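Please read it alongside the sequence and the coordinates shown here.

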Amino acid sequence: MTALWIAHVNVTDADSYGEYAKLAGPAIAAHGGVFLARGSRYVQLEGNERARNVVARFPSVEDALACYNSAEYQAALEHAKNAAERDLVIVEENPA
C-alpha cells in the first residue's frame, strides 16, 4: 500500500534549508516519492504550528523508509539538522 511522508517544519536558516531542499527532492523522487503538497496554504486547527508543511506519496512504507535511510537523503538531511525544527512521520494509506 502507498504511504505518505508528512513533515511539519519551521525553517530557522533559509540558506542551509535551501541546500537541503535541492538535495532532498531528487532523493525522494529516486525512491518513487511524489510531492502532493509543499509549502502550500494551510489552516492549523490543533497542535504545534509549523510554517511549512510537506506531504509526499511513496509506493510503500518500505520505499519511504529506504529513501530516508539512503545516503543521498542523509546527505541532504545534514543541511536541515541545524536549519530547521522538524517533525516527520510516514503513514501507510488506507486502501481506497
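What percentage of the residues of the protein chain count as buried? In this predicted model, 29% of the 96 residues fall into that class. The points below describe the fold first, then the surface and the core.

**Fold and dimensions**
- The protein chain contains three helices and four strands, arranged along the sequence as β-α-β-β-α-α-β.
- Its radius of gyration is 13 Å, close to the 12 Å given by the globule rule for 96 residues, so the protein chain is as compact as a globular protein of that length.
- The C-alpha trace spans about 35 × 35 × 15 Å along its principal axes.
- Of the contacts between residues at least 6 apart in sequence, 77% link residues at least 24 apart.

**Surface and charge**
- The protein chain has an accessible surface of about 5900 Å², and carbon and sulfur atoms account for 51% of it.
- There are 8 positive and 13 negative charges, and their mean positions lie 6 Å apart.

**Nonpolar core**
- The largest nonpolar core comprises 19 residues, and those with the most contacts inside it are Trp 5, Tyr 17, Tyr 20, Ile 28, Phe 58 and Tyr 73.
- At least two residues of this core come from each of strand 1 (3-11), helix 1 (14-30), strand 3 (52-58), helix 2 (61-69) and helix 3 (71-80).
- Helix 1 provides the largest share, five residues.
- Beyond its neighbours within four places in sequence, Tyr 20 contacts Tyr 73, Ala 76, Leu 77, His 79, Ala 80 and Arg 86.

How values were computed. Residues numbered from 1 in each chain as written. Predicted model: local features only at pLDDT ≥ 70, side-chain atom pairs only at ≥ 80, totals over all residues. Heavy atoms only, no water. Rg over C-alpha atoms; globule rule 2.2 N^0.38 Å. Buried < 20%, exposed > 50% of the residue type's maximum accessible area, 1.4 Å probe, protein only. Contact = heavy atoms within 4.5 Å. Areas by Shrake-Rupley, 256 points an atom, 1.4 Å probe, with all protein chains shown as cover. Lys, Arg positive; Asp, Glu negative; His and termini not counted. Charge placed at Lys NZ, Arg CZ, Asp CG, Glu CD. Core = buried A, V, L, I, M, F, W, Y, C linked by side-chain atoms within 4.5 Å.
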